[in-house]
Protein chains: 4
Amino acid sequence: MKTLNIGMIGYGFMGRAHSNAFRKVNNFFPLDYRPVLKAACGRDAAKVQAFADTWGYESIETDWRKLIARADIDLIDIAAPNNVHAEIAIAASRAGKMILCEKPLAMNAADGAKMVKAVEKAGVPNMVWYNYRRIPAVTLAKQLIDEGRLGKIFHYRAKFLQDWTISADVPQGGPGTWRLDVAVAGSGVTGDLLAHCIDTALWLNGGISQVTAMTETFVKQRQHALTGKPQKVGIDDASAFLARFSNGSLATFEATRYARGHKALYTFEINGEHASIFWDLHDLHRLQWFDHRDAGLVRGWRSIHVSDGDQPYMKNWWVPGLQIGYEHSFVHQVADFLKGLQDGKPAAPTFRDGLATDHVTDAVLKSASTGRWVNVKKS
Amino acid sequence: MKTLNIGMIGYGFMGRAHSNAFRKVNNFFPLDYRPVLKAACGRDAAKVQAFADTWGYESIETDWRKLIARADIDLIDIAAPNNVHAEIAIAASRAGKMILCEKPLAMNAADGAKMVKAVEKAGVPNMVWYNYRRIPAVTLAKQLIDEGRLGKIFHYRAKFLQDWTISADVPQGGPGTWRLDVAVAGSGVTGDLLAHCIDTALWLNGGISQVTAMTETFVKQRQHALTGKPQKVGIDDASAFLARFSNGSLATFEATRYARGHKALYTFEINGEHASIFWDLHDLHRLQWFDHRDAGLVRGWRSIHVSDGDQPYMKNWWVPGLQIGYEHSFVHQVADFLKGLQDGKPAAPTFRDGLATDHVTDAVLKSASTGRWVNVKKS
Amino acid sequence: MKTLNIGMIGYGFMGRAHSNAFRKVNNFFPLDYRPVLKAACGRDAAKVQAFADTWGYESIETDWRKLIARADIDLIDIAAPNNVHAEIAIAASRAGKMILCEKPLAMNAADGAKMVKAVEKAGVPNMVWYNYRRIPAVTLAKQLIDEGRLGKIFHYRAKFLQDWTISADVPQGGPGTWRLDVAVAGSGVTGDLLAHCIDTALWLNGGISQVTAMTETFVKQRQHALTGKPQKVGIDDASAFLARFSNGSLATFEATRYARGHKALYTFEINGEHASIFWDLHDLHRLQWFDHRDAGLVRGWRSIHVSDGDQPYMKNWWVPGLQIGYEHSFVHQVADFLKGLQDGKPAAPTFRDGLATDHVTDAVLKSASTGRWVNVKKS
Amino acid sequence: MKTLNIGMIGYGFMGRAHSNAFRKVNNFFPLDYRPVLKAACGRDAAKVQAFADTWGYESIETDWRKLIARADIDLIDIAAPNNVHAEIAIAASRAGKMILCEKPLAMNAADGAKMVKAVEKAGVPNMVWYNYRRIPAVTLAKQLIDEGRLGKIFHYRAKFLQDWTISADVPQGGPGTWRLDVAVAGSGVTGDLLAHCIDTALWLNGGISQVTAMTETFVKQRQHALTGKPQKVGIDDASAFLARFSNGSLATFEATRYARGHKALYTFEINGEHASIFWDLHDLHRLQWFDHRDAGLVRGWRSIHVSDGDQPYMKNWWVPGLQIGYEHSFVHQVADFLKGLQDGKPAAPTFRDGLATDHVTDAVLKSASTGRWVNVKKS
């Protein structure tokens with residue numbers, strides 16, 4: 001078994017999710033590669049050391065440039081905020097490291113395009129952590145679509161609803177709330193939540209040709225967690241858009257952090273000529289499936305409990321009826337990345353795939369500010 | 001079109017439900033017969049007159065014997081409490097009237113047997129108001145079973161849960177609470193709620209051969225609504241039993257008025273070799289259907305919205321997607337009764353069918369008092 | 001009790017729904033007025049006579065002008081296709097008749113404005129059949145909002161999904177399919193389905209200030225049912241729009257007849273500062289309610305089975321736990337209209353309320369054709 | 001941090017689930033102890049070596065007596081079939097090892113009592129792997145009950161439904177199907193599935209005083225996987241019982257492997273004076289909660305998505321809205337066991353707690369064979 005030495009940048013929510021995936025993957029998936037938690041990197045030495053101890057990283061770094069310079073690191077995992085993705089990724093690719101980058105790829109498509117150029121020029125394996133593609137129910141949706149079971153697609157509908165920033169007392173900036181600081185996040189729910197919806201949509205339903213959008217910032221000013229001072233809010237709290245896909249289907253997309261009752265309700269629905277699909281992150285182990293070809297008398301939406309061995313990824317886990325959770329999507333992504341390495345077939349979404357989403361979010365933000373339909377640039 | 005003159009005894013909840021059915025049936029179902037609301041009967045002249053005015057009854061009576069004696073009455077509908085079913089039905093059959101009797105048929109199987117004997121000797125059309133057979137989703141379940149789609153049946157599971165008598169302040173006896181007075185009701189939830197579950201079960205799954213049961217009276221004493229005095233409670237508040245059907249399947253049945261959160265949750269589930277069915281009165285327009293012969297990848301419980309024209313009774317109502325409610329089951333029962341008249345094929349459940357349920361409830365009560373398995377008498 | 005003589009124009013789906021409401025209302029609601037089914041009107045004498053026989057109309061007419069001219073008619077109910085609403089309503093108001101008009105009010109806002117002017121000038125009671133306001137769960141939503149339980153509203157989300165026109169073999173024009181003929185219907189799903197969503201939204205959440213929309217016609221040509229010839233389809237098969245309400249909330253609206261698996265799935269969701277509401281026509285007797293003020297440990301969406309006596313309209317029906325259906329919303333609307341008459345307080349939605357929806361649908365269609373945001377005219 | 005050397009006996013489904021728990025616990029829970037995967041033990045050296053490689057066990061043994069004799073082993077985990085639990089546990093306790101034993105504790109209560117005696121005499125920490133107590137939603141149910149939120153309990157209802165043995169071609173005996181071989185399993189669904197239901201029930205609702213039961217073996221003969229010969233089936237395929245708890249509540253319990261459509265549907269419902277609870281393993285991250293003290297207008301079942309930081313165990317995982325799965329219940333059990341060690345307060349369920357369940361399953365089997373109510377022995 002070949003080892004793959006991981007250098008992890010960041011130790012927050014995503015640092016934990018990725019580390020867990022690297023640690024678990026070989027217990028459940030037979031692979032030629034074995035990730036080794038070689039080094040964790042963050043600016044605060046005490047915190048990064050605690051993180052390394054918890055997860056079993058062999059060493060720490062406090063400067064990502066040093067991490068990249070280390071000969072014993074094979075792969076750089078960027079689990080740091082959006083505003084540092086591009087610089088780190090470009091440097092890492094120059095150092096010949098494989099790169100896994102947390103989503104969204106970049107602050108905007110221009111930066112994203114530089115990252116794509118860098119990894120493609122360096123020829124290093126690269127992937128973006130759009131983990132929802134690998135929830136088994138979502139992967140099953142992809143399989144059903146690819147088998148042509150839906151026929152011509154008429155409608156795509158996605159939303160991502162949260163409610164954690166309704167209080168004006170939630171600050172912006174700092175460790176837990178950098179997603180509210182436009183300087184660090186680039187945008188609000190557009191890049192954070194809609195990006196997930198868009199990545200899945202492009203994967204399942206092909207390219208988006210044009211969009212018209214609206215955004216809103218409900219709370220105009222928030223204290224900055226680092227400076228302690230009130231500061232204008234630069235992100236979008238809510239974002240919605242209408243879209244037309246290249247295949248002729250119509251779509252509605254919406255994301256917000258102002259929807260009471262929803263913690264992380266990412267849903268999508270696809271209506272085709274013959275069949276329809278619905279999925280919901282709050283019950284991620286189920287896929288709702290309607291097949292018009294069922295006999296009329298007993299036609300109805302099927303609630304598929306995706307836990308059988310013949311359903312994606314599930315033969316590697318427990319037994320039918322027993323569900324897995326959120327974290328497993330990351331394990332699957334690592335498994336597929338490693339499988340891609342051994343087979344010489346890069347696993348998606350690559351940086352180039354991630355750039356396609358950045359092009360859509362750029363168009364959404366542009367439309368929201370101009371009030372016009374905007375054509376989406378090709379990746 | 002032939003008229004059918006109705007004499008209604010009782011003007012409570014069931015008096016209203018039946019009257020509504022007689023009034024509506026010809027608006028929705030093409031039939032040779034037309035029910036005419038000829039006379040309403042009750043002991044309180046003022047109340048029965050108000051009822052007659054509301055529903056359009058042409059006349060009133062305050063003595064059911066006079067009603068039965070009237071030549072202009074074709075059909076006696078017994079919507080009065082359980083303790084008068086037998087006497088009225090026997091007298092009405094002797095007078096050659098058709099009889100519709102509210103469920104349960106009688107206070108016990110002995111009385112029920114006399115009623116069966118009376119109507120069969122008189123040769124008068126007769127039916128018991130076990131209306132749930134004619135909820136379209138339930139009728140569809142029957143159709144699927146009769147088509148053999150479930151294969152061999154292994155399990156039957158039914159319950160009827162309410163929560164309206166938890167407070168010890170609810171009285172017994174009197175208009176709204178006679179169901180708590182054993183002298184009027186005969187038994188508690190066994191005859192009131194389990195009787196519904198049993199009628200459906202016998203219809204869908206055939207005869208029950210033996211049972212073991214337990215009952216409980218949680219509130220031992222309640223004020224009597226008519227006397228105002230505290231009185232020992234003679235009914236069962238909760239009743240559960242295990243059963244074996246003649247077809248070899250096993251069953252659990254349960255009813256209670258002490259289940260917080262359930263107003264009238266009647267559910268049944270049937271598990272067969274190939275398929276399973278679940279139904280729930282709180283969402284009565286849906287049937288849950290699982291077919292193991294669906295492809296494994298997309299196998300799941302289907303939630304069938306029973307509102308299409310090819311589903312039972314639904315072509316007579318609105319358009320697909322628009323649901324009907326509780327009251328419509330009574331309309332269907334009248335429609336089927338009238339269809340039975342014109343075709344010369346009596347509609348079920350007849351009094352003899354109703355007696356079969358009384359035999360089971362008798363066995364349940366006997367088992368609960370003896371602690372033994374009890375064989376169910378045949379109807 | 002005062003009689004109110006009804007003259008019904010049209011005998012299709014809505015003619016039946018309205019007739020049923022007039023026939024049932026006095027059985028369930030104590031009122032001073034009693035509707036009398038005086039005359040039914042349609043161009044085909046045989047068909048309208050059959051309809052009159054089924055429902056108990058005392059007479060028929062084949063020319064609506066004659067019906068309006070009759071002195072024994074108090075109220076004209078327009079249950080005919082959209083393209084005749086304006087002419088009939090204006091004539092009826094001149095004749096001093098009360099008018100109930102099927103939705104949408106008119107082919108467009110210009111026609112609608114003339115109708116409003118006519119009824120207001122004549123001073124005749126008038127109402128539009130936007131029946132969904134009176135589904136008890138929807139009325140309960142209105143009550144909760146009016147009590148301020150949601151606080152500031154951030155989001156409104158509505159959709160109306162059907163799947164009955166996916167096949168290119170469905171014709172346009174004629175009795176069952178006039179909704180696909182632009183000359184008769186005025187528009188497609190925008191005026192048919194979105195109009196329902198918009199009426200409810202304006203009622204629950206106040207005025208819409210601006211919209212941006214897209215529409216699509218998936219099947220470009222259909223045979224005309226009357227001529228038998230292929231003809232270009234002029235209606236919109238699908239329509240979606242983003243909106244901003246006057247209260248600052250954002251909205252998405254969508255309707256289509258190309259969503260496999262949905263027969264008549266009208267849903268809306270409202271997210272407020274403190275609470276959220278969701279409702280779904282396929283389970284119309286339930287309201288989903290989330291209250292953030294519940295203790296965190298047990299906070300969750302509540303599925304309210306709207307069937308208790310203290311919930312809107314329900315004390316007039318059966319007992320808790322027993323659901324009513326689609327048709328009852330029309331009964332409620334008649335009850336409220338009659339109550340309005342006796343109290344001298346006109347029940348909503350009046351023609352003026354109906355015009356407000358026409359202004360929104362006009363704006364949606366204009367935006368869809370121009371690709372621009374469009375301001376909504378005030379009613 | 002103190003290490004705790006694990007000796008694992010068995011490498012099947014449970015061997016994996018337990019190993020995963022030992023490996024993950026320190027990544028998510030701050031504890032003084034750290035489990036070390038010291039040795040895996042099984043009769044087939046090649047298979048146990050492969051298992052050890054996958055999970056990182058440092059060594060293997062093929063004789064459990066040798067494993068127990070090793071000085072470097074602190075804790076014996078019995079993940080082997082039921083028929084060896086007693087002998088191994090008694091030997092391990094004599095060797096002074098801590099013991100974690102897979103459920104059910106023993107083949108019957110007599111054996112279980114010997115195990116309890118052994119561990120209590122040796123004074124070794126001991127626990128049974130009834131993992132469902134530590135699904136966060138189930139733990140939350142326990143907390144709500146202990147806080148008195150339900151008031152007096154009237155009803156308890158549990159079932160565990162599967163469908164994997166319907167085909168007569170499923171063999172008995174051997175690695176994947178030993179649960180069908182009475183010599184190895186002791187009983188069928190009674191000890192396998194009902195045992196889970198009973199353990200939870202005793203924990204949530206106190207002791208069961210008496211039961212009446214029925215069992216059935218639908219497929220009477222199956223090939224033995226090891227001998228290849230047809231052999232009489234000695235286990236129960238289905239088992240149901242009625243029960244009375246010491247607190248006066250009534251209960252129904254049922255388990256089967258013949259319920260089409262259910263892979264592992266373990267559900268329980270508890271109805272109290274003030275509130276009710278429902279839980280379902282197929283959506284294990286949700287708790288259904290009905291509180292009658294909610295205002296009547298908006299009273300309904302709440303679907304609680306148990307993923308917030310203030311809900312049991314959840315602050316150690318991801319962020320609100322993101323669900324965990326089946327395997328996490330084992331991680332929680334290890335965390336609580338280790339916490340118990342450091343605090344000197346043994347975590348439940350101990351062997352003595354496990355014996356209580358064996359007493360109930362013994363009573364169930366006895367009642368099923370005698371047709372009588374049977375009193376449950378105290379643990």
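## The model and its confidence

This is a predicted model, in which local features need pLDDT of at least 70 and side-chain atom pairs count only at pLDDT 80 or more, while totals for chains, interfaces and linings use all residues. Residues are numbered from 1 along each chain as its sequence is written, and chains are lettered from A and ligands numbered from 1 in the order in which they are written.

For the complex, the predictor gives an ipTM of 0.97 together with a pTM of 0.98.

## Chain D against chain A

The contact between them takes 22 residues from chain D and 22 residues from chain A, two residues being in contact if their C-beta atoms, placed from the backbone, lie within 7 Å. On the side of chain D that touches chain A, α1 (13-28) and α2 (45-55) each supply at least two residues, and the largest share, 3 residues, comes from α1(D); helices (H or I, at least four residues) and strands (E, at least two) are DSSP runs, numbered from the N terminus. This side of chain D divides into 10 nonpolar, 9 polar and 3 charged residues, with Ala, Val, Leu, Ile, Met, Phe, Trp, Tyr, Cys and Pro counted as nonpolar, Asp, Glu, Lys and Arg as charged, and the others, Gly among them, as polar. Because 100% of the interface residues of chain D are also interface residues in chain A, the copies meet through the same surface.

## Chain C against chain A

Chain C, too, can be laid on chain A by a turn of 180 degrees and a shift of 0.0 Å along the axis, with an RMSD of 0.0 Å. Of the residues of chain C, C:R372 comes closest to the rotation axis, its C-alpha being at 3.1 Å, and 100% of the contact residues of chain C recur in chain A.

This contact takes 29 residues from chain C and 29 residues from chain A. Several strands of chain C each supply at least two residues of the side that touches chain A, among them β7 (153-161), β8 (208-216) and β12 (250-256), and β12(C) gives the largest share, 4 residues. The residues of this side of chain C divide into 14 nonpolar, 11 polar and 4 charged.

## Helix packing within chain D

Helix α5 (residues 109-122) and helix α10 (residues 351-370) of chain D pack at an angle of about 170 degrees, with their axes 9 Å apart; axes are lines fitted to C-alpha atoms, for helices over the stretch in contact, and angles run from 0 to 180 degrees between N-to-C directions. α5(D) and α10(D) are therefore roughly antiparallel to each other, since angles under 35 degrees count as roughly parallel, over 145 as roughly antiparallel, 65 to 115 as roughly perpendicular and the rest as oblique. The residues of this contact divide into 7 nonpolar, 3 polar and 3 charged.

Conventions
Least-squares fit on C-alpha atoms with pLDDT ≥ 70 in both.
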